[in-house]
Amino acid sequence: MTNTTTLGEPLHSGDLPGGAHWSLRIGRGKTLRLTDLEGGANLGMLLYNPLDLLERYNAPDTLKCQHTFKLTKGHCLYSDMGRIFCSIVDDSFGWHDTVCGNLSKKMIQERWGEKTYQEYRNDWTLSGHDSFLVELAKYGLGRRDLAANINFFSKVVTDADGNLRLDDSAARPGAQVDLRFEMDTLVIFHSCPHPLCRAPQYPKKPVSYQIFTSPPVADDDICLNSREENRRGFANTRLYNGLAH
Amino acid sequence: MIVESAKQPDNAIYSQVIPAGDYWMKTLKAGQTLRITDLEGNQAADTLFYSADDPGERYSAMDTIREQGNIYLTAGTVLMSNLGNPMLDIVADTCGRHDTLGGACATESNTVRYALEKKCMHACRDSWLLAVAENQQFGMTKRDITHNINFFMNVPVTPEGGLTFEDGISAPGKYVELTARMDVIVLISNCPQLNNPCNGYDPTPIQVSVWR
C-alpha cells in the first residue's frame with residue numbers, strides 16, 4: 001500500500017510520534033514523503049511562504065481551482081496568491097480532508113478526558129489547535145494566521161444531503177503521500193487526531209517523513225496536466241521563482 | 001430548509017442597497033438581526049464575521065460545518081467561531097442552501113481559474129482589503145481575511161469527492177436572516193465576478209437590513 005515512485009536516498013528522515021507537532025522549511029525542488037506507519041494516523045498541515053508569511057495555504061482556492069472536495073494524486077496545494085506550494089505527485093491513500101479543521105482542547109475533554117503533562121508526561125493529550133499555535137508562534141504567527149488546514153490520512157465523505165462522515169475504514173498501515181515542493185515553503189504540521197475521530201481512546205499514531213531531491217517536472221507531469229487551471233498555477237509559480245531568484 | 005421571516009421592512013432600524021463590487025463593514029449588536037436580500041437573483045454575498053471585542057475570534061467555516069455535521073448552511077445553522085463559540089444563528093432563509101467551501105474570488109485565483117490575462121479584474125478580496133484599510137478602527141489586515149460564507153451560492157459536493165458550481169438556486173427577493181449571539185463586525189463583499197456563469201456574468205445589487 002506504499003507509493004510506487006522511486007525517489008533515491010532521502011536527504012533527511014524523521015519521525016513524529018502521535019499527538020505531537022513540528023515544522024520544517026522545505027525548498028523548491030524537494031519532495032516530502034509522509035508515511036502513516038501503523039494506519040489510522042492524522043497529519044494536520046499548514047503552509048506559508050517563509051519570505052512573505054502573509055502568503056499561506058488557501059483551502060477554498062485549492063478546492064475551487066480544481067473542482068474537488070478531496071485531495072489526492074494530481075492535485076496541487078495553492079496559496080492565496082495563485083501559486084502552488086506543492087503538488088501531490090503520488091498517493092497510496094487516495095482521499096485527504098481539508099475542510100474539518102482541528103481537534104480542540106474542549107473536544108479532548110469531552111471525548112477522552114484530558115491527560116495533563118504533570119500527570120502523564122509525554123503521554124499527555126495535545127490538541128491540533130494548540131499544536132498549530134505553538135508552531136506558528138515560532139515564526140511570529142498566531143491565532144489570526146491559522147487558516148483551514150489539510151488533514152492527511154483522514155478521509156471525510158459527504159452524502160447527498162451534505163452530511164459529513166469520517167471513513168475510518170480507509171486507514172492503511174504504510175499509506176504514503178508524496179508532496180513535491182514547487183516553491184520554498186514553511187511547513188507546519190501536527191499528528192493529533194482528526195476532529196471527527198470517535199475512537200474509544202485518544203489515538204497516538206506516528207507518522208514518519210522523508211525528504212528527497214525531486215526528479216525534474218516532466219512535460220507529462222500528472223499535476224501540471226490534471227487541469228488547465230494547474231498549468232496556469234505552475235506558470236504563476238515559475239514566474240515568481242524566476243523573478244525572485 | 002426554507003423558513004420565512006415575520007419581520008416587517010417598516011420596522012427595520014437600518015437598510016442599505018449595496019451595489020456589486022462594493023463592500024459593507026458594520027457592527028451588529030448581540031440580539032440584532034441582519035437580513036441580506038438577493039435583489040435580482042443569483043448574486044453572491046461573500047461574508048465574514050468577527051467578534052467586535054476581539055477580531056482575532058472570527059467566523060470559522062471548518063468549525064461551523066464540522067459541528068453541525070453538514071457542509072451546507074441554511075436556517076438552523078449556528079455560525080461558529082475559530083474558538084468554538086456560537087456567533088450567529090441563521091433564523092430565516094428563503095433560498096435553502098448557502099456555500100462555505102468555495103471561498104472568495106481574488107485577482108490571483110482568477111488568473112488560475114479563468115486566464116492569466118484576467119489578473120486586473122475586480123475581485124472580492126480586493127474589496128475586503130480596501131474595507132480593512134478604510135476601517136482601521138477595527139485593527140485588521142490581510143491576515144484577517146479568511147475563509148468566508150457565500151450567501152446565495154450553490155456549490156454541491158459529489159459522492160466521489162468532486163466540487164461543482166451549479167446555477168444559483170437563489171432568485172430575485174430571496175433572503176437570509178441572521179441573529180447575532182455576540183457583538184460582531186460584519187464584512188460583506190458584494191461579489192464583482194464577471195467570469196462565473198453562476199451569476200449569469202451579471203453581478204447585481206444586494207440589500208442589507210437590520211432589526212433591533
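Predicted model: local features only at pLDDT ≥ 70, side-chain atom pairs only at ≥ 80, totals over all residues.

Reader: Which residue of β13(A) does Ser13(A) stand opposite?

Author: Ser13(A) has Gln210(A) of β13(A) opposite.

Reader: What is the strand order in the open sheet of chain A?

Author: The order is β1-β13-β3-β11-β7-β6, an open sheet of 6 strands with antiparallel pairing.

Reader: Which strands stand at the edges?

Author: The edges are β1 (12-16) and β6 (76-78) of chain A. Each has a single partner strand, so one side of each is left without a neighbour in the sheet. From one strand to the next, the twist averages 20°.

Reader: Changing topic to chain B: how many helices and strands are there?

Author: Chain B has 3 helices and 10 strands. Their pattern along the sequence is β-β-β-β-α-β-β-α-α-β-β-β-β.

Reader: And what about its overall dimensions?

Author: The C-alpha trace of chain B spans about 45 × 35 × 35 Å along its principal axes.

Reader: Which residues of helix α3 in chain B are buried?

Author: In α3(B), residues 124-134, the buried ones are Cys124(B), Arg125(B), Ser127(B), Trp128(B), Ala131(B) and Val132(B). Viewed down the axis of α3(B), they fall within an arc of 155°, so they line one face of the helix. Ala133(B) and Glu134(B), on the other side, are exposed.

Reader: What do the buried residues of α3(B) pack against?

Author: They pack against three strands of chain B, namely β2 (23-28), β4 (45-51) and β9 (184-190).

Reader: Which residues have the most contacts inside the largest nonpolar core?

Author: They are Met45(A), Phe49(B), Val184(B), Val186(B) and Leu187(B), in a core of 112 residues. Beyond its neighbours within four places in sequence, Val186(B) is in contact with Met25(B), Lys26(B), Leu28(B), Leu34(B), Thr47(B) and Phe49(B). There is also a second, separate core of 6 residues, including Met107(A), Leu126(A), Cys192(A) and Tyr202(A).

Terms used. Residues numbered from 1 in each chain as written. Chains lettered and ligands numbered in written order. Helix = DSSP H or I, 4+ residues; strand = E, 2+ residues; numbered from the N terminus. Pairing = 2+ DSSP bridges. Axes fitted to C-alpha atoms, helices over the stretch in contact; angles between N-to-C directions. Core = buried A, V, L, I, M, F, W, Y, C linked by C-beta atoms within 7 Å. Buried ≥ 20, exposed ≤ 12 C-beta atoms within 10 Å, placed from the backbone. Contact = placed C-beta atoms within 7 Å. Arc of directions from axis to C-beta.
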